[in-house]
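Please look over the sequence and the structure shown here, and then follow the questions and answers below.

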Amino acid sequence: MLLTLMILGLAALFGTSESQTGCFGNINNVDTTGASCKTARQEGLNYCGVPASEKIAERDLNNMNKYKTIIKSAGKKRCMDPAVIAGIISRESHAGTLLKGGWGDNGNAFGLMQVDKNRHSIVGRWNGEDHLLDATRILVGMIKGIQKKFPRWTKEQQMKGGISAYNGGLGNVRSYVNMDIGTPGDDYANDVVARAKFYKRNGY
């Protein structure tokens, strides 16, 4: 019994890849309303909220698992929770299944995490780790921008704001409650956070 407790204590102290949270807060502590009804309807669902986000994430899980190794590696290198990266990949490209030759958004956005070619340089292969590292660098930059813009927000609130800004830009995040207004479906961060929590429970 004592040995078991010691092992559990060491695991909690040093963490595992499955429990990796990164440097920007714990995704499980981020509040979320999940997918809007508009987003859910686009996915063929007749219900909204966190259950809708989880269903969409579940549909993407098998394809997401193809990239699990590089998602975890990129997360470790950028000190970002791999579950958050997976949540963005699900939202942006359904784990690559929406892309044509690695491109989406009418040829304007590149890769699993859909980097906008009009705002950023394109790095790596669309489904490679270099792309994930670059896109996650952009995400981290957005979170740090939110930290400066809203220094009184909690770490988790700042992470959520950065996720919203990854899609809509720093200027679109004006308040915590309404940060997603102006993003597609008016739910970007809320949907991504709910999907990320699903992936967190599924080994990311």
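Q: Which elements do the buried residues of α5 pack against?
A: This is a predicted model, in which local features need pLDDT of at least 70 and side-chain atom pairs count only at pLDDT 80 or more, while totals for chains, interfaces and linings use all residues. Residues are numbered from 1 along each chain as its sequence is written, and side-chain values use heavy atoms, with hydrogens and water left out. Helices (DSSP runs of H or I, at least four residues) and strands (runs of E, at least two) are numbered from the N terminus. With contact meaning heavy atoms within 4.5 Å, the buried residues of α5 pack against α2 (37-42), α3, α4, α6, α7 and α8.

Q: How many residues of α5 are buried?
A: A residue is buried under 20% relative accessible area, exposed over 50% and partly exposed in between, with a 1.4 Å probe and protein chains only. The buried residues of α5 include Pro82, Gly87, Arg91 and Glu92. α5 is mostly covered, and the count of its buried residues is 12 of 12.

Q: At roughly what angle do the axes of α7 and α8 cross?
A: Two packed helices are described by the angle between their axes and the distance between the axes. In the contact, Lys160, Ile163, Ser164, Tyr166 and Asn167 of α7 meet Tyr188, Ala189, Asn190, Val192 and Val193 of α8. Axes here are lines fitted to C-alpha atoms, for helices over the stretch in contact, and angles run from 0 to 180 degrees between N-to-C directions. The axes of α7 and α8 come within 8 Å, and they cross at roughly 120 degrees.

Q: Is histidine 94 buried or exposed?
A: Histidine 94 is found in the loop between α5 and β1 (103-104), and its phi is near 45 degrees, a positive value in a residue other than glycine. Its relative accessible area is 11%, and therefore histidine 94 counts as buried.
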